[in-house]
Amino acid sequence: MHRSIPGFLLALGVGIGIALVDFGPSARAADSTGNTRAARLTYLQGTVTVDREDNSEPQPAQINLPLLAGVRLATGDDGQAEVEFEDGSLVRLTPNSALALDNLTIELTGEGGAGVFTTGLRLLHGLAYLELRATPQYRYTLDAGGDVLSPVENATVRVNFDEPPAVFAVLDGTARVDRLIGAAGAGREVRAGESLRGDPANSALYALTPEIAEDSWDTWNEDRDQAAASDAPSRTAARDNFAGAQGYGWSDLDAYGSWYDVPGQGPVWQPQIAASDAYADAAFDPYGNGAWVWYPGTGYLWASGYAWGWTPYRCGNWSYFNGFGWGWTPVAGCGGFGWGFWGGGRPVNILREPNGYRISHVPVPRPGTPRPILPPRRAGGPPAVAQPGPGLVTGPRRIDGVMAMPLETVGSGDASRDPSALQRDYPVDRATHAAIAGRPSTQPGAIHTAAGWQSTGARPATAYSPQAGRRITPSYSYPNRGVSSTTPVVRSAPPQGSRPAYTPAPVQRSAPPAPSRPASAPAPARSPR
């Protein structure tokens with residue numbers, strides 16, 4: 001028997017509208033229409049730290065960490081990180097790199113509730129890869145020492161800012177680079193296969209080459225794209241009615257669990273780990289693996305330790321059903337304009353729980369300086385007990401007394417010509433339920449290395465000779481290609497610290513981490529992808 005929680009309030013939302021859903025007696029589900037934006041830390045490896053705008057001590061980063069405006073993300077000698085935004089655009093950081101999220105805003109246009117998402121990033125130092133979607137609704141800029149990049153088409157760009165001036169290498173699509181240093185200023189479009197760097201002696205001049213120098217970390221970026229492309233066959237249409245402007249995180253639900261269409265109620269998603277635990281007891285706990293992370297002005301936010309742990313904690317409801325186990329139900333507010341936040345003390349988004357389960361609440365900061373990371377607590381109360389379930393299955397399931405069919409997969413969609421990571425997550429038009437793919441690239445995906453530069457100004461540019469090499473054919477336009485076998489090229493040690501050459505390895509998906517309840521601040525989680 002379950003206890004229904006009427007008047008449920010989502011723990012992570014402020015100024016949120018409440019939307020009725022027919023999923024339990026008098027049930028209410030939280031909407032996600034606040035205007036506070038959060039980027040998602042989708043992947044990390046090695047040493048990765050987060051420095052908040054209050055200049056507090058840098059803290060170890062965690063998978064699925066919400067990143068707010070003002071945050072600085074840094075990688076160590078062995079660090080790697082990936083940050084994803086609402087439309088599926090992303091930034092990847094190699095070792096000894098740092099990124100600042102200076103501006104994350106939403107401007108409501110008043111046209112059917114539409115909004116414009118403006119993202120201002122700053123590469124402080126290091127080597128970064130950007131895969132950016134070009135749409136009117138999502139606007140991106142990256143500042144690297146006063147040279148500002150923005151996408152013209154869907155674009156993949158490598159930015160090397162180990163030392164000024166930054167070097168912009170466009171691997172796919174078209175981007176624009178504008179110089180903000182000096183009164184004159186200058187700017188131009190850079191197409192796939194071209195590299196550009198500013199002239200440090202004259203802000204009106206650029207140095208341009210029609211080819212690109214090879215870097216061993218290009219292989220790493222391709223490997224990350226291949227991991228993203230591997231999720232395409234498991235895609236369902238579940239997101240089409242709910243994702244809206246918040247497209248990130250939905251592909252993980254298809255890849256790490258199963259969707260069911262419950263007659264008269266709508267879709268229910270169950271993670272694989274919850275289905276496999278159904279035989280024994282309610283060992284799986286939606287809030288048993290992760291930590292509460294504190295931000296000034298917003299309080300504590302949940303960072304789930306599960307690879308899929310983003311969307312089910314931003315909106316919707318968790319419920320427990322005997323014979324089935326835990327499942328998550330999306331609501332209309334999942335496609336809202338941002339991720340708002342409630343204050344401490346509110347219950348989390350659990351609508352129905354098994355007997356004996358104690359629902360978590362958002363921690364309330366104590367007087368003084370709040371602890372930056374808090375593990376979940378399950379103090380007091382009997383252990384959660386549930387009736388046996390059928391275990392991990394792929395066919396129909398009985399949910400809440402009715403037989404539910406699994407949703408069929410629909411494949412990779414219509415974005416096959418874009419960089420493969422942009423196929424993974426994307427926003428959905430609320431009226432047509434079609435993917436917002438962005439402006440497709442019209443540039444070829446094949447690029448070459450080069451040994452010289454051409455000046456775009458009135459006089460020769462400062463000498464610069466990137467390493468010559470062989471032709472590179474990146475996987476961005478060929479998403480079905482196998483793992484890259486590019487020969488690593490050793491880069492010289494940059495001023496911020498050495499960055500070893502990347503050694504490619506087969507991309508494998510490991511099982512999601514088991515639930516954990518650490519007694520102290522958990523070690524940084526590692527994404528299985």
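This is a predicted model: local features need pLDDT of at least 70, side-chain atom pairs count only at pLDDT 80 or more; totals for chains, interfaces and linings use all residues.
Residues are numbered from 1 along each chain as its sequence is written, and side-chain values use heavy atoms, with hydrogens and water left out.

**View 1. The whole protein.** Welcome to the overall picture: the protein has 5 helices and 31 strands (DSSP runs numbered from the N terminus, helices being H or I with at least four residues and strands E with at least two). Of its 529 residues, 57% are buried (buried means under 20% relative accessible area, exposed over 50%, and partly exposed in between, with a 1.4 Å probe and protein chains only). Among contacts with a separation of 6 or more, 66% come from residues 24 or more positions apart (a contact means heavy atoms within 4.5 Å). The protein exposes about 19900 Å², and carbon and sulfur atoms supply 53% of that area (Shrake-Rupley method, 1.4 Å probe; for residues, only the protein chains shown count as cover).

**View 2. The disulfide of C315 and C334.** Here the sulfur atoms of C315 and C334 sit 2.1 Å apart. The torsion about their S-S bond is about 105°, so the disulfide is right-handed. C315 is in the loop between α4 (311–314) and β25, and C334 is in the loop between β26 and β27 (350–353); the pair links distant parts of the chain, 19 residues apart. C315 is buried at 0% relative accessibility, and C334 is buried at 0% as well.

**View 3. Two edge-to-face ring pairs.** The structure holds 25 aromatic pairs (rings of Phe, Tyr and Trp, the last by its six-membered ring, pair if their centres lie within 6.5 Å; planes under 30 degrees apart count as stacked, over 60 as edge-to-face and the rest as tilted). In one of them, the ring centres of Y260 and F324 are 5.7 Å apart with planes at 85°, so this pair is edge-to-face. Y260 belongs to strand β21 (residues 257–262) and F324 to the loop between β25 (317–321) and β26 (325–329), so the pair ties together parts that are 64 residues apart in sequence. Y260 is buried, with a relative accessible area of 1%, and F324 is buried, with 0%. Y320 and W326 make another edge-to-face pair, 5.5 Å centre to centre and 75° between the planes, and both residues are buried.

**View 4. A cluster of rings.** One aromatic cluster brings together W269, F284, Y287, W292, W302, Y306, W308, Y313 and W318.

**View 5. Arginines over tyrosine rings.** R224 lies over the face of Y43, 3.8 Å from the ring centre, and R179 lies over the face of Y206 at 5.8 Å. A charge sits over a ring if NZ of Lys or CZ of Arg is within 6 Å of the ring centre and within 35 degrees of the ring normal.

**View 6. Helix α1.** Helix α1 covers residues 217–229, and its end C-alpha atoms are 18 Å apart, which agrees with the 18 Å that its 13 residues should span at 1.5 Å a residue (the expected span is 1.5 Å times one less than the number of residues). The helix is mostly covered, with 13 of its 13 residues buried.

Methods
A disulfide is a pair of cysteine sulfur atoms within 2.5 Å.
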